[in-house]
Amino acid sequence: MKRRDFFKTTLAASTALSIAPMLRGNTPAPAPAAVIGGGNDPHAVTLAVIAAMGGMKKFVSKGDVVMLKPNIGWNRRVEQAACTNPEVLRALAESALNAGAKKVIVMDRPCHKPEDTYLRSGIGPMARELGLELRHTDDNRLVLHDFKGKYLEKWPVYRDFLEVDKFINVPILKHHGSAELTIAMKNLYGILGGRRGKLHRNMGGNIADLANGFTSHLVVVDAWRILLRNGPVGGRLSDVAVKKTVIASTNILEADVLAADLFGRVPAEIPFISAGKELGMGRIDPAAIPVKRLTA
Amino acid sequence: MTRANARVLRFCRVVSQILFLALFIILLVSASRMFFYFDPLLGLLNFLATGEVMTLFLLSLIPLGLTLVFGRFFCGWVCPLGTLHQFFTWLGIRGKKKKIEPVPRKALRVKYVVLIVLVVMTLMGTHLGGWLDPLSLLTRSTAVSLAPAGNHGLNQALKAGAEDEGVAAKVVKPAYNLARRHIMTAEQRGFAQSVMVGLILILILGLNLWRRRFYCNTICPLGALYGLVARFSFMRLKTREGCKACNLCASHCTYAGGPFDDYRKADCLVCFNCAVDCPHDSVALDFTPPFSTAKRTPLDLGRRRVLGGVAAGLLAGALPAVGPRARQKTHGFIRPPGAVKEKDFLEKCVRCGQCMQVCPTNVIQPAALETGIDGLWTPVMRPDLGYCEYECNRCTLACPTLALEPLEMDEKKEFKIGTAVIDRNRCYTYADGYNCAVCEEHCPVPDKAIRFREVELWNFEGRLVKVKQIYVVPDLCVGCGICQNVCPRSDAPAILVTAEEEQREFSYY
């Protein structure tokens with residue numbers, strides 16, 4: 001979709017939505033742009049959040065091949081809050097399968113040794129338990145993808161991420177030295193091959209281009225445990241805060257805005273978020289995003 | 001014995017060889033050090049080098065004691081490298097009229113000279129037994145060359161299965177996915193000495209097609225050690241009544257002695273090929289009390305060769321110590337975590353490559369000449385090729401001779417193998433004036449040994465800009481090298497781990 005088209009569609013849609021209730025006289029509950037759920041069990045909260053988003057059937061059709069893209073970047077335990085919580089992923093995999101998904105693939109390109117990170121994060125054992133397809137990235141399967149961005153143009157991407165029917169982006173909310181935060185947009189570094197370190201120059205612009213040039217059909221942010229300092233790798237438990245929160249949105253920028261707000265940062269001050277706004281990817285004032293809050 | 005009985009014995013021997021080769025591979029894959037402790041050569045040299053008996057090496061007295069009974073059964077029935085040699089010799093002999101020749105008689109004694117040189121060199125402080133010891137040699141070759149080459153070969157053979165379209169892709173895909181999931185490593189491993197180590201293995205295995213079990217008969221110092229003991233062994237083979245002196249017993253013999261003519265206990269690998277070949281059922285086992293001088297075969301070595309070996313060993317063993325290291329005050333390499341003082345390290349390490357085998361990230365690499373010519377194939381850390389995983393202590397638990405001392409995970413995390421140093425002429429945050437911080441992001445130390453601070457500097461466009469500039473906190477840095485490994489510069493990393501402030505004592509004395 002071109003930017004111009006996007007604006008046109010957005011304008012048309014919002015006009016239609018604002019006029020429609022006036023015509024009909026009574027107001028139906030609008031589907032929330034985002035849901036923020038809290039509770040005591042990450043699995044239950046995730047299920048509740050998905051239900052509030054309209055149910056997984058809204059996102060996954062029968063026979064779909066679904067990719068769950070967690071952050072499995074580091075050889076760290078779940079308590080250290082460097083990788084996505086496996087229980088959040090478990091809930092998403094179960095609901096995708098229940099919605100009729102043909103196959104659920106779990107995959108990331110970690111920074112540490114893949115075999116180690118898959119195991120220690122607990123994501124590998126969870127995936128094997130549920131019979132999900134756990135894949136390692138395979139350099140035989142790299143293709144050049146055009147992100148058509150200002151900073152990020154063509155870059156090698158693992159074909160697995162491009163071929164699936166539905167891509168569910170499941171990051172963990174963390175501090176990050178150079179990007180300031182890492183959430184869903186930054187999580188897409190994991191689909192890239194090549195020397196990703198090169199993208200640290202103009203990082204905000206690169207992250208925004210990356211997220212703008214690749215579709216995440218659903219974004220579910222694991223903010224159960226968040227890493228407050230010394231991210232993205234962390235390691236010290238005193239740097240971890242337990243927030244017991246899961247955020248979902250179909251808009252990747254707005255998911256990151258809400259997560260940054262939860263982290264205690266002003267979203268507009270995060271370079272990749274302001275770069276995303278410039279690309280017209282969504283609203284960056286958390287108060288302007290209609291959010292449904294729930295407790296499960 | 002009858003040929004039928006001989007066939008049974010030979011069958012048992014082949015089964016034993018296959019089983020021990022399988023056991024060797026299993027122990028290698030599971031990072032166990034146990035096979036090494038049954039190697040009396042390594043045990044002896046370790047004792048001579050360190051002056052201490054490592055208790056586990058006492059296990060090697062078991063095969064040594066059994067050799068006193070059965071002769072060189074280890075070489076014929078157990079040694080995994082011997083099994084490969086036997087296999088290649090067999091390949092060359094099988095079904096061919098023109099048999100592979102045995103090594104010349106006089107070559108059989110070379111291995112004793114090799115052993116003498118190694119022993120004397122070790123006494124002079126240069127322990128190179130691992131270069132030639134069959135277990136070290138095979139472990140190293142497997143870790144550094146065979147296993148990565150196998151992975152690459154599978155990838156080359158099956159990578160059509162990585163495609164999604166086309167007939168080839170459809171046919172190969174299941175095999176490819178199976179191999180990717182269960183056999184191949186997620187990333188291709190690579191080693192600095194893969195070609196050299198691999199070619200040496202190809203060479204010594206190939207020599208079997210020229211002369212039967214060439215390595216075992218002429219070079220192997222472990223074979224020599226067993227040979228010295230086997231001379232005194234209880235059991236021997238002989239011919240008995242009915243022998244027609246046809247000498248067919250020598251036709252598949254590993255050294256072509258055969259029990260009829262020129263039988264040598266020190267070279268007989270008790271493989272029982274002779275008994276199978278004898279058309280007259282005339283090969284028999286003979287038992288004489290150990291140490292009886294009556295039937296002992298001559299060693300055929302001679303005083304001059306012994307003295308020559310000693311002299312060569314004395315000189316060769318002293319040479320590394322009088323190289324540059326006698327004067328040099330700095331060193332440009334780092335060793336894996338748990339490494340002991342450099343002098344002790346060189347004397348303990350048997351260059352087996354087990355640490356390289358277990359290292360998940362490939363950072364442990366066999367040295368070429370950077371640690372001295374006698375340091376060839378000792379493990380060094382190469383952060384340009386891998387990084388030391390913070391949550392890992394596998395290498396420290398895999399070293400058979402404790403050249404890397406075992407470290408608990410918490411000890412390992414704090415074990416300082418070196419310090420990161422920034423090359424300010426290359427680092428983007430100094431030289432070019434823009435943000436990068438990939439090293440800072442990857443630094444695994446909880447407090448971050450690599451940090452950044454905001455500074456103003458003139459950038460590559462001549463503008464005064466604010467940059468998040470990297471700096472290292474040397475006291476926190478453990479030298480894992482992930483910073484160097486991920487530095488995005490293409491020419492050479494702008495942050496390097498050097499031996500500065502390494503925790504172990506570095507001394508050649």
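This is a predicted model: local features need pLDDT of at least 70, side-chain atom pairs count only at pLDDT 80 or more; totals for chains, interfaces and linings use all residues.
Student: Is B:Arg213 buried or exposed?
Tutor: Residues are numbered from 1 along each chain as its sequence is written, while chains are lettered from A and ligands numbered from 1 in the order in which they are written. A residue counts as buried if 20 or more other C-beta atoms lie within 10 Å of its own, exposed if 12 or fewer, and partly exposed in between, with C-beta atoms placed from the backbone. There are 28 other C-beta atoms within 10 Å here, so B:Arg213 is buried.

Student: What is phi of B:Arg213?
Tutor: Most residues other than glycine have a negative phi. B:Arg213 sits in the loop between helix 10 (194–206) and helix 11 (214–218) of chain B; helices (H or I, at least four residues) and strands (E, at least two) are DSSP runs, numbered from the N terminus. Its phi is positive although B:Arg213 is not a glycine, with a value near 35 degrees.

Student: And B:Lys448, what phi does that one have?
Tutor: Look in the loop between helix 20 and strand 6 of chain B for B:Lys448. It's buried, because 22 other C-beta atoms lie within 10 Å. This non-glycine residue also takes a positive phi, about 65 degrees.

Student: How many bridges join strand 6 of chain B to strand 7 of chain B?
Tutor: These two make a hairpin with five residues between them, and B:Gly462 in the turn has a positive phi of about 80 degrees. Across the pair, B:Phe452 faces B:Ile470 in strand 7 of chain B. Strands pair if DSSP finds at least two bridges between them. Here strand 6 (residues 450–458) and strand 7 (residues 464–472) of chain B run antiparallel, and the bridge count is nine.

Student: Why is helix 2 of chain B called largely enclosed?
Tutor: Helix 3 (61–70), helix 6, helix 7 (129–132), helix 12 (221–230) and helix 15 (342–348) of chain B are among what covers its buried residues. Those buried residues include B:Leu41, B:Leu44 and B:Ala49. Helix 2 (residues 40–50) of chain B is largely enclosed by the rest of the structure because, of its eleven residues, the number buried is eight.

Student: Which residue just after helix 2 of chain B takes a positive phi?
Tutor: Helix 2 of chain B covers residues 40–50. Just past it, a positive phi of about 75 degrees belongs to B:Gly51.

Student: Which residues have the most contacts inside the largest nonpolar core?
Tutor: A nonpolar core is a set of buried Ala, Val, Leu, Ile, Met, Phe, Trp, Tyr and Cys residues joined through C-beta atoms within 7 Å. The largest one has 119 residues, and helix 6 (residues 110–123) of chain B gives the most to it, with eight. Another core, of 91 residues, lies apart from it and includes A:Val164 and A:Phe263. Back in the largest core, the residues with the most contacts are B:Cys355, B:Cys439 and B:Cys483.

Student: How far apart in space are B:Cys392 and B:Met409?
Tutor: B:Cys392 is in the loop between strand 4 (379–381) and helix 17 (394–398) of chain B. It has 21 other C-beta atoms within 10 Å, so it's buried. Though B:Cys392 and B:Met409 are 17 residues apart in sequence, their C-alpha to C-alpha distance is 6.8 Å.

Student: How many residues of chain A are in contact with chain B?
Tutor: Contact means that two C-beta atoms, placed from the backbone, lie within 7 Å. The chain B side has 13 nonpolar, three polar and nine charged residues (Ala, Val, Leu, Ile, Met, Phe, Trp, Tyr, Cys and Pro are nonpolar, Asp, Glu, Lys and Arg charged, the others, Gly among them, polar). Helix 20 (residues 438–442) of chain B gives the most to that side, with four residues. Chain B uses 25 residues here, and the chain A count is 26.

Student: Which peptide bond of chain A is cis, with omega near 0 degrees?
Tutor: Most peptide bonds are trans. Check the loop between strand 10 (218–227) and strand 11 (240–249) of chain A, where A:Pro232 lies. The cis bond runs from A:Gly231 to A:Pro232.
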